[in-house]
Structure formats: C-alpha cells, structure tokens
Amino acid sequence: MIAYMPTIYEHETVYSWFCRFYAHTGCLTYAMARKELLAKRSNTPSKEFIGALHPEARKVIQSVVPLQTLILQNTLFPQYARFTSLPQKREALFRLEHDTSCDHHHLFTVLPREESDQYLKYCPCCVLEQKECYGESFWERKHQIRGAALCYKHGCLLEHSAVPAKSEQDYTLCPAEEYAVKDTPRYCDNPELLRYTRFITDVFDAPMDFERDIPISAVLYNAMAQTDYMKRTGRSRHTQRFADDLRAYYEGIGLSGIVSINQIQKTLLIGH
C-alpha cells in the first residue's frame, strides 16, 4: 500500500511524478517502485501517458487527483487526440481512464519518432526555475511534444537527456533531477522557429471540445479555400503542391519530417 505520493506539479508528466515518487520514498531499486505503482513486474513506466496501474496505486492516485484530470493535464493526450473525431476522442479518454491495460498505440496513430524526439527533452532555464521554486526539477510535458525544439517560455533550445522517450525501451524511473543536468541555455535566433514553437504550444494548451465534432479536415479546407491550393469550385485541390510548400517551409526553419503528402491526404479525409 502506497503511504505517500508527492504533489504533482503543473505541466509535469505523470512519468516524472512517478520518478519523484521513486526518489522521495527511498525505494532501493527501480523494481521496488514499479511493483508499488504498476500492475505487473513486466510493465514499463509510460513516458507519455499513465500506464497499467496497480489497483492499490490507482486508488491512492485517484484520492490525490482524478485520473481524467491527469490524462488531460499531465499526459501527451492533447497531442494525439486533439485532431481525431469526436467519438474516437471520447473513447480514448474513457479507455485511458478505466482500462488499466489500455495501450495508447491502439487508440491513436503513433508515427515513428524522428531523431530529435528519441530522448526526453528539457530546458535549462526551466530546470533552474523549478529548483528555485520547488527545490527539485521535473520533466515538463510540453517539452516532450513531437517536433518541439525550443522552450515555449524562454525561447532557448531544448536539450536532450540520456533517457529514451520510448516507454518500451526503458524499465527504469529516471528523475529529471539526475538527468536534466546541462545548465547553460542556448538561445534561438530564428524568429520563424520561435513563432512555430509558440503556435504548437498554444494549440496544445487550448481547451479540448468533447461536445462538438468539427473535423480537422474542415479546418484545412477552410484554410485552403481562396488560395492557389484549391480551385474556386472547391472540388479540386493541389495537395502535392501544398505538401511540397509546407515541407520547404519547415525545412527552411530547421525542421524535417513534419509533414508528408500521405499525412495530408489522410487528414483531409477525416470526417468524410
């Protein structure tokens, strides 16, 4: 029975919370902490979601903070679910909350990670602020957004830790206090990359609508209307040109692997 759970911080990932549980409670091994938190010894701690909780740990955590709140505010749920259909979004939230063996790979389209997203990321400025405010550092969830290269708050480059971002590759609990160690920030002088970072973090933070079903395809169609990417009738789209221009833009600001013609075509079909 878990006798103590530390307070979870705003913007902290659940994985980071469990890492601090391991550090605070004095468990001698990772296996001891995992045994208290997870349903089976073979389970790996989820880096992006919550994972398969032990029934007793689930009760304790629920008494501290509702699981639905954890999913929405302390996991990468907004990154994956925001642009899915309303029924899929609702089902994903329900299953992650109630199905202890649920794997998020079965709920969303999870693409292979780019090289820049292979490890947990952190901002040296945020780490310093966390230590001054809380006395310790933690893994912040917006730093783990796919494709995020900058800190949304300080405008400096995110540093890569030695902790793999893939849950299935790592059975350990790695507190940021031990692995987010670089303290010299490297600031970005690319205004377009700064604008892109602010955009994706604003989208990530925006409230999610669980009542209306407005497919992302409708948003894209509206954006393409009255441009050279769509004929006035709306019946014909120049999707390849759209994809090529997007790819050129992203590569121009130092990002690759952001968009492909197949991804755009699939997105335009959502809701149709």
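Helices here are DSSP runs of H or I with at least four residues, strands are E runs of at least two, and both are numbered from the N terminus. What you're looking at is a predicted model, where local features need pLDDT of at least 70, side-chain atom pairs count only at pLDDT 80 or more, and totals for chains, interfaces and linings use all residues. Residues are numbered from 1 along each chain as its sequence is written, and side-chain values use heavy atoms, with hydrogens and water left out.

**The second largest pocket**
- The pocket holds about 630 Å³ of space.
- Of its 33 lining residues, the closest to the centre are S46, C102, D103, H104 and H105.
- A pocket is an open set of points on a 1 Å grid over the protein atoms alone, where a 1.4 Å probe fits, with protein on both sides within 12 Å along at least five of seven lines; lining residues have an atom within 4 Å of a point.

**T84 in its loop**
- You'll find T84 in the loop between helix 5 (77-81) and helix 6 (86-98).
- T84 counts as buried because its relative accessibility is 15%; the cut-off is under 20% relative accessible area, with a 1.4 Å probe and protein chains only.
- Leaving out residues up to four places away in sequence, T84 touches K89 and F108 (heavy atoms within 4.5 Å).

**Helix 7**
- In helix 7 (residues 124-134), P124, C125, C126, V127 and Q130 are buried.
- Those buried residues pack against strand 1 (119-122) and strand 2 (159-164).

Definitions and conventions
Buried < 20%, exposed > 50% of the residue type's maximum accessible area, 1.4 Å probe, protein only. Points joined across faces, edges and corners; volume = space filled by probe spheres on them.
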